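Hello,

Here is the structure we discussed handing over. My notes on it follow below.

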Amino acid sequence: MSGEQEIFQCRQCGHCCQGETTVSLNPEDVARLVAYLHLPLAEVQDKYLRLAGKVVQMKTVDGHCIFYNEGCTVHSGKPWRCSQWPLHPSMLDSQDNFETIRQSCPGIKGEMGYAEFRARLALILKSQPGK
Ligand code: SF4
Ligand code: SF4
C-alpha cells in the first residue's frame, strides 16, 4: 500500500466533480487537455472551457463538470488541481481545513485522527514535485 493509499482511497462517488464551478486551469492544464482531446485549441476553448473573470474553468452541464460521466472522462488530461484533490496542502494548516475536506470527500481516511493524518500527508506532499 502506497503512502497515499494509507490516507486516501477514492470511492468514485463523483462529489468532487459536482457543482456549478470547477477548478481553475493554468496554461499547462489547457495544453494537456488539448493534447489529450486531440482537438484544436479554439475548439477545446469553445466546447469545454469558459472564463470566470480572468480565470479559465471547465464548463458545467447539469450541475457537474462537462467531463464528468460516471467518472472523469479525461482522466490523464485533467487539470492538476483535480489530480491533487483531495490531498490539498491546506490540510496541513489546520484541523478545520482537514474536517471540511473530509466532509466533502468520503475517500479521506480520517479515522487515524488529524495529527497522524497530517504527518502522513506532509511526507506525501514533500515527496511530490512542486506545482
Ligand atoms: S469526492 Fe473523494 S472519494 Fe468522491 S470521487 Fe472525489 S476524490 Fe473520490
Ligand atoms: S476534469 Fe475530471 S476530475 Fe476534474 S472536475 Fe472534471 S470530471 Fe472531475
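To begin with one residue: does H75 count as buried or exposed? H75 counts as exposed, because it has 11 C-beta neighbours inside 10 Å. The cut-offs here are 20 or more other C-beta atoms within 10 Å of a residue's own for buried, 12 or fewer for exposed, and partly exposed in between, with C-beta atoms placed from the backbone. H75 sits in the loop between β4 and α4. Its C-alpha atom is separated by 9.3 Å from that of Y36, a residue 39 places away along the chain.

Please keep in mind that this is a predicted model, in which local features need pLDDT of at least 70 and side-chain atom pairs count only at pLDDT 80 or more, while totals for chains, interfaces and linings use all residues. Residues are numbered from 1 along each chain as its sequence is written, and chains are lettered from A and ligands numbered from 1 in the order in which they are written.

Overall layout

The protein chain has 7 helices and 4 strands, taken as DSSP runs numbered from the N terminus (helices H or I, at least four residues; strands E, at least two). From the N terminus their order is α-α-α-β-β-β-β-α-α-α-α. The C-alpha trace spans about 45 × 30 × 30 Å along its principal axes. The protein chain has 131 residues, of which 18% count as buried. Of the contacts with a separation of 6 or more, 66% are between residues 24 or more positions apart; a contact means C-beta atoms, placed from the backbone, within 7 Å.

Ligands

A residue is listed around a ligand if its C-beta atom, placed from the backbone, lies within 6 Å of it. For ligand 1 these residues are C10, R11, Q12, C13, G14, H15, C16, W85, P86, C105, P106 and G107. That shell has 7 nonpolar, 4 polar and 1 charged residues. In this count Ala, Val, Leu, Ile, Met, Phe, Trp, Tyr, Cys and Pro are nonpolar, Asp, Glu, Lys and Arg are charged, and the others, Gly among them, are polar. W85 and P86, both in the shell of ligand 1, are joined by a cis peptide bond with omega about 0°. P86 is found in the loop between α4 (80-84) and α5 (90-93).

Around ligand 2 are C17, T22, M58, C65, F67, Y68, C72, V74, K78 and C82. Here the division is 8 nonpolar, 1 polar and 1 charged.

Hairpin and cores

Strands β1 (residues 49-52) and β2 (residues 55-58) run antiparallel and are joined by 4 bridges; pairing requires at least two DSSP bridges. M58, from the shell of ligand 2, is the bridge partner of L49. The hairpin has 2 residues between the strands, and G53 takes a positive phi near 70° there.

The largest nonpolar core consists of I7, F8, L87, M91, F98, I108, F117 and L121, 8 residues. Such a core is a set of buried Ala, Val, Leu, Ile, Met, Phe, Trp, Tyr and Cys residues joined through C-beta atoms within 7 Å. Apart from it lies another core of 7 residues, including C16, M58, C65 and Y68.

Two loop residues

H38, in the loop between α2 (27-37) and α3 (41-48), has a positive phi near 55° though not a glycine. H38 is exposed, with 8 other C-beta atoms within 10 Å. E70, in the loop between β4 (64-65) and α4, also has a positive phi, near 55°. E70 counts as exposed, with 7 C-beta neighbours inside 10 Å.

Regards

Technical notes
Two residues are in contact if their C-beta atoms, placed from the backbone, lie within 7 Å.
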